[in-house]
Amino acid sequence: EPDNVRNHVMIHSTDGGKTFSDSVLISDDGWVAFGCPHAGISISADSQDRIHVAWWTGGRIPDEAGIYYSYSEDKGQSFAPRQLISKVPEDTILHTRIIVDKNDTVYATWEEVKENRSLIFLAHRDAGKGDWSQIYQVSDGTRNASYPMLATDDENLYIAFTERKGEEAHVRLQTSALVGD
């Protein structure tokens, strides 16, 4: 990207990777970063073939830094204007994940720094409409938590993340019933 602007784009292939579409801008965040930010976008699709995306950006100005969400109802040909899920400090690179369950509920999880501690948060919304739920803190705050991952099955949402305290590290898994079940 010219001038180190870190906007996300989508390309897709309908022939097994032999050819690809032109790139489609997901959001014009205008975030300039020198070097690799290590904070990519997360993508999931629902039963109506809507594409859902979540990401962290530093934005053009510090006040724009945050965890954002968008979706496409035309298989990635265009994306809705971004929605802010959570405002975060601009000088912290954060990791996001998004997944859609069997009920078309969209879940987003991310790490966020509060009081010098990296914590894991979660929110959800209906895939077709609506606002995001309240934000839930998933990690307990006694350790630094990072790299959240999401999975679902027919009954549960699974959130896994790494926790560290000093030299000690482990992976924590939390389970919750699906929203709407």
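Glu-111 stands opposite Ile-120, a residue of strand β9. This is a predicted model, in which local features need pLDDT of at least 70, side-chain atom pairs count only at pLDDT 80 or more, and totals for chains, interfaces and linings use all residues. Residues are numbered from 1 along each chain as its sequence is written, and side-chain values use heavy atoms, with hydrogens and water left out. Strands are DSSP runs of E with at least two residues, numbered from the N terminus, and two of them pair if DSSP finds at least two bridges between them.

Strand β8 covers residues 105-114 and is joined to β9 by 10 bridges, the two running antiparallel. The hairpin that they form has 2 residues between the strands, and Glu-115 in this hairpin takes a positive phi near 50 degrees.

**The four-stranded sheet**

Strands β8 and β9 belong to an open sheet of 4 strands with the order β7-β8-β9-β10 and antiparallel pairing. Its edge strands, each pairing on one side only, are β7 (96-100) and β10 (136-137). Between β9 (residues 117-126) and β10 the antiparallel pairing extends over 2 bridges, and Phe-121 stands opposite Gln-137 of β10.

Of the 10 residues of β9, 8 are buried, so this strand is largely enclosed by the rest of the structure. Here buried means under 20% relative accessible area, exposed means over 50%, and partly exposed lies in between, with a 1.4 Å probe and protein chains only.

**The three-stranded sheet**

A further open sheet has 3 strands in the order β11-β12-β13, again with antiparallel pairing. The edge strands are β11 (144-152) and β13 (168-177), each of which pairs on one side only. On average, neighbouring strands of this sheet are turned by 20 degrees against each other, direction ignored; the axes are lines fitted to C-alpha atoms, and angles run from 0 to 180 degrees between N-to-C directions.

Strands β11 and β12 are joined by 7 bridges and run antiparallel, with Asn-144 opposite Arg-164 in β12. They form a hairpin with 3 residues between them. Strand β12 (residues 156-165) pairs with β13 in the antiparallel sense over 10 bridges, and Lys-165 has Glu-168 in β13 as its bridge partner.

**Nonpolar cores**

A nonpolar core is a set of buried Ala, Val, Leu, Ile, Met, Phe, Trp, Tyr and Cys residues joined through side-chain atoms within 4.5 Å. The largest one has 20 residues, and those with the most contacts inside it are Trp-56, Ile-67, Tyr-69, Ile-85, Val-106, Trp-110 and Trp-132. At least two residues of this core come from each of β4 (51-57), β5 (66-72), β7, β8 and β9. A second, separate core of 11 residues includes Tyr-107, Leu-150, Leu-157 and Ile-159.

Contact means heavy atoms within 4.5 Å. Apart from its neighbours within four places in sequence, Trp-110 has contacts that include Ile-67, Ile-85, His-95, Leu-119, Phe-121, Ile-135 and Pro-148.

**An exposed loop residue**

Lys-18 lies in the loop between β1 (9-10) and β2 (24-25). With a relative accessible area of 72%, Lys-18 is exposed. Lys-18 and Ile-43 are 25 residues apart in sequence, and their C-alpha atoms are 21 Å apart in space.
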